[in-house]
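Visitor: I would like to go through this model with you. Could you put it up for us?
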Amino acid sequence: MPAAPAPSPSAERPAAEQFALVESFDNFSRHRRIIAAMAREAKEWAGIPMPLEGEQLVVEPSYKFAALFNGDEEEPVDVGDGQAGPRESEDDLYRVVNMWHSRRHRSTVAVAQNGRGRAQHVFGLSKQIDLDLRTLGCSEAWGVEQEHRALNLLGTMLNHRMFKAYLLTGMFLETSKRSGVVYLFRKLRPTIAIKAMTLRWRWSSRPWLEDGDGYMKPLAALCMHPIAYYADSWAGAMCPTDDVVAHLAMMRGDEVMFWRRCNQHDPFSKEAGL
Amino acid sequence: MRGTVGVLNVGAGDTKLSFDPKNPAERIRAARIVRDMIRRGYALLIEVEPNQFQRAHDFDEERCEYIIADFDPVAAAQCSCPPDGASSACPVHGDEKARGQDVQASGTETAGEAAAGAGKKKRGGRRKRVDAGSTRAVAVGRTAGG
């Protein structure tokens with residue numbers, strides 16, 4: 001006979017008990033509570049980001065505790081010169097002199113050069129799958145209760161249709177009344193600014209795009225994490241829906257400042273997440 | 001009625017700062033916190049109408065009001081007033097002109113003023129006040145990039 005299913009931790013238990021039960025499975029919940037208490041004592045309204053082993057936390061420079069998290073300047077990376085044996089001098093140390101994203105190869109290409117002028121290139125340094133896996137690891141910094149609160153807040157800011165779309169797909173659309181730009185807000189991905197265009201052409205000239213409703217042209221991928229984020233991942237220090245709330249509130253409240261504060265990635269770059 | 005400020009918090013999710021505008025102690029405490037957040041570069045977004053937000057630049061603790069920039073880009077784009085005053089044909093200010101009201105006293109910047117001011121680097125601009133005791137706000141910390 002199959003075992004009877006365990007009761008779901010909902011409905012019959014008080015909310016505090018439900019969260020306590022869920023957090024009993026979360027090894028980092030105690031750390032989050034301690035850090036939250038430290039933030040309250042320090043009167044740091046936005047809290048203190050949680051450092052994770054093996055992840056670089058990039059903190060906003062004017063943040064009160066930024067010096068604790070932001071390390072020293074990046075040391076030169078020793079990418080090696082392909083030769084056996086110890087290096088003879090600092091001239092053998094390679095430094096990255098150029099880096100770009102290749103649309104053709106869908107990966108990052110880096111060129112490194114040593115002190116003697118010898119250069120090497122490296123393909124496939126970072127691909128989107130790396131970002132995805134790293135983000136999965138960084139999810140340890142968030143708690144279910146925090147995400148639940150953020151969802152409650154987001155639910156008060158959206159109509160039923162858009163909130164349902166967010167719950168089911170992790171994204172929703174909103175058009176700015178100021179600029180007419182359509183924003184695709186996404187969980188754990190940059191917000192995509194889209195403009196409706198129409199393709200026009202004449203026999204004697206090349207086709208061109210103008211405002212219309214035939215083609216949705218992505219303008220930019222807007223990436224912004226309040227306070228801090230984990231490098232080389234989609235993860236911010238805040239839970240995913242809090243990042244979405246921040247994007248939505250800033251777009252509605254001050255669209256110019258929203259664009260100014262965001263990193264504007266090329267829609268076809270790896271960082272855009274498209 | 002209580003005013004609320006939802007502060008997006010890293011560790012605790014969304015933390016609520018709630019205050020009764022009739023209670024002087026709560027009002028003073030809220031004013032200090034709000035001003036501290038603005039000083040640190042937080043974006044304080046006030047819900048002036050359902051799902052319509054505007055950024056607050058300051059907080060008046062005596063009157064318990066947020067001070068926001070009084071400039072609506074949508075209205076400014078629709079305004080057709082000449083620089084020297086309101087026009088009755090303007091879809092934004094036509095009614096006010098017909099009633100004999102001074103558009104400038106109403107606190108709304110016309111497109112003409114905006115155009116005239118564009119050549120000069122004028123700081124500050126018009127400000128509008130919103131009652132803090134009956135509005136909801138969301139506070140977003142400075143960005144670390146992404």
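Guide: We may start at the boundary between the two chains: R55(B) forms a salt bridge with D254(A), with the closest N and O atoms 2.8 Å apart. A salt bridge here is a side-chain nitrogen of Lys or Arg within 4 Å of a carboxyl oxygen of Asp or Glu. The model is predicted, so local features need pLDDT of at least 70 and side-chain atom pairs count only at pLDDT 80 or more, while totals for chains, interfaces and linings use all residues. Residues are numbered from 1 along each chain as its sequence is written, chains are lettered from A and ligands numbered from 1 in the order in which they are written, and side-chain values use heavy atoms, with hydrogens and water left out.

Visitor: How many salt bridges are there between chain B and chain A?
Guide: The count is three.

Visitor: Which classes of residue make up the side of chain B that touches chain A?
Guide: That side has 15 nonpolar, 11 polar and six charged residues. Ala, Val, Leu, Ile, Met, Phe, Trp, Tyr, Cys and Pro count as nonpolar, Asp, Glu, Lys and Arg as charged, and the others, Gly among them, as polar.

Visitor: How many residues does each chain bring to the contact?
Guide: Chain B brings 32 residues and chain A brings 39, contact meaning heavy atoms within 4.5 Å.

Visitor: And what is the area buried between them?
Guide: It is about 3,400 Å², with carbon and sulfur atoms giving 57%. Buried area is the accessible area (1.4 Å probe) that two parts lose on being put together, summed over both. L8(B), V10(B) and G146(B) supply 19% of the area that chain B buries against chain A, more than any other three residues.

Visitor: Changing topic, where is E60(A)?
Guide: E60(A) lies in the loop between β1 (57-59) and α3 (66-69) of chain A. Helices (H or I, at least four residues) and strands (E, at least two) are DSSP runs, numbered from the N terminus.

Visitor: Is E60(A) buried or exposed?
Guide: E60(A) is buried, at a relative accessible area of 6%; buried means under 20%, exposed over 50%, and partly exposed in between (1.4 Å probe, protein chains only).

Visitor: Which residues does E60(A) touch?
Guide: Leaving out residues up to four places away in sequence, E60(A) touches A66(A), I227(A), R142(B), T143(B) and A144(B).

Visitor: What about chain A as a whole?
Guide: Chain A has eight helices and 11 strands, and buried residues make up 41% of its 274 residues. In helix α7(A), 14 of 14 residues are buried.
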